[in-house]
Amino acid sequence: SFSSTSQNPTISNATTAATGTYNVTVTNACGTTTSSVSATVNAKPTASISASGSTTFCSGNSVTLTAAGGSTYLWSTGATTSSINVTSSGNYTVQATQNNCSNTSSATTVTVNSLVTPSVSITSSSGNIICNGNSKTFTATPTNGGASPAYQWKVNGNNVGSNQSTYSTNTLSNGDVVTCSMTSNATCRSEEHTSELQSRQYL
């Protein structure tokens, strides 16, 4: 399907369909002669990346990215192995080469979340001094508690309350100690359970 009368023809944007034998006929005053050459147009490889697990994870973990589609590889990190171990956030691509043809994959995004340390503080509705029999409300304020932290209130080490961020009571006695333990469900929390204790004295 190719024909040209130029001495040095060019095929632009060649596809695999251009593979074949090319013949040229040269004519001058002395006669005609023919020559031929075979040409092979290789398809570009399809470069791709697969991950050994989630590409979003907590600091201290890693994911293995594996390339496919070529016989040799060049990663955006400079690595030339077929697989790389990733511990940092970023966009990763790989160039795959096969039969002297190269192609680059789309980017794989890796997100590494920093560790957070949960904590909780508690405040009371009217200071540390109340009259006997009066009601008092305590409020827990979490830090890095996540979307739905769990709470356990205690009076003198005994469980009270019902998994709420507040606790109200009118049965405190002088010297009672109120504490709150908070269990965080935040992503990448450094500790599963964290509590900060605050003592309250009552008259």
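**Note on a predicted all-strand chain**

1. The largest nonpolar core has 15 residues, and L65, W75, V86 and V110 have the most contacts inside it. A nonpolar core here is a set of buried Ala, Val, Leu, Ile, Met, Phe, Trp, Tyr and Cys residues joined through side-chain atoms within 4.5 Å. Buried stands for under 20% relative accessible area, exposed for over 50%, and partly exposed for what lies in between (1.4 Å probe, protein chains only). Two or more residues of this core come from each of strand 5 (63-68), strand 6 (72-75), strand 7 (83-86), strand 9 (94-98) and strand 11 (108-113). Strand 5 gives the largest share, three residues. Helices (H or I, at least four residues) and strands (E, at least two) are DSSP runs, numbered from the N terminus.

2. On the basis of the model: it is predicted, local features need pLDDT of at least 70, side-chain atom pairs count only at pLDDT 80 or more, and totals for chains, interfaces and linings use all residues. Residues are numbered from 1 along each chain as its sequence is written, and side-chain values use heavy atoms, with hydrogens and water left out.

3. W75 deserves a separate entry. Not counting residues up to four places away in sequence, W75 touches I49, L65, T66, A67, T81, S82, S83, I84, T93 and V94; contact means heavy atoms within 4.5 Å.

4. For the chain as a whole, the secondary structure comes to zero helices and 18 strands. The radius of gyration is 36 Å, well over the 17 Å that the globule rule gives for 203 residues, so the chain is more spread out than a compact globule. That radius is taken over C-alpha atoms, and the rule is 2.2 Å times the number of residues to the power 0.38. The C-alpha trace spans about 125 × 25 × 20 Å along its principal axes.

5. Of the 203 residues in the chain, 25% are buried. The chain exposes about 12,300 Å², of which carbon and sulfur atoms supply 45%. Accessible areas come from the Shrake-Rupley method with a 1.4 Å probe, and for residues only the protein chains shown count as cover. Among contacts between residues at least 6 apart in sequence, 50% join residues at least 24 apart.

6. Strand 3 and strand 5 pair antiparallel over four bridges, with A51 opposite L65. Four bridges also join strand 5 to strand 7, where V86 is the bridge partner of V63. Two strands count as paired if DSSP finds at least two bridges between them. The covered face of strand 5 holds V63, L65 and A67, and the uncovered one T64, T66 and A68.

7. A further open sheet of three strands has the order 6-9-10, with antiparallel pairing. Strand 6 and strand 10 are the edge strands, each pairing on one side only. The twist averages 20° from one strand to the next. Strand 9 and strand 10 pair over four bridges, and T104 in strand 10 is the bridge partner of Q95.

8. N99 has a positive phi of about 55° although it is not a glycine; N99 lies in the loop between strand 9 and strand 10 (101-104) and is partly exposed, at 47% relative accessible area. N156 also has a positive phi of about 55° without being a glycine. The loop that holds N156 runs between strand 14 (150-155) and strand 15 (158-160), and N156 is partly exposed at 44% relative accessibility.

9. S114 lies in the loop between strand 11 and strand 12 (119-124) and counts as exposed at 55% relative accessibility. Not counting residues up to four places away in sequence, S114 touches S59 and C188. S114 and S162 are 48 residues apart in sequence and 32 Å apart in space, C-alpha to C-alpha.

Technical notes. Axes fitted to C-alpha atoms, helices over the stretch in contact; angles between N-to-C directions.
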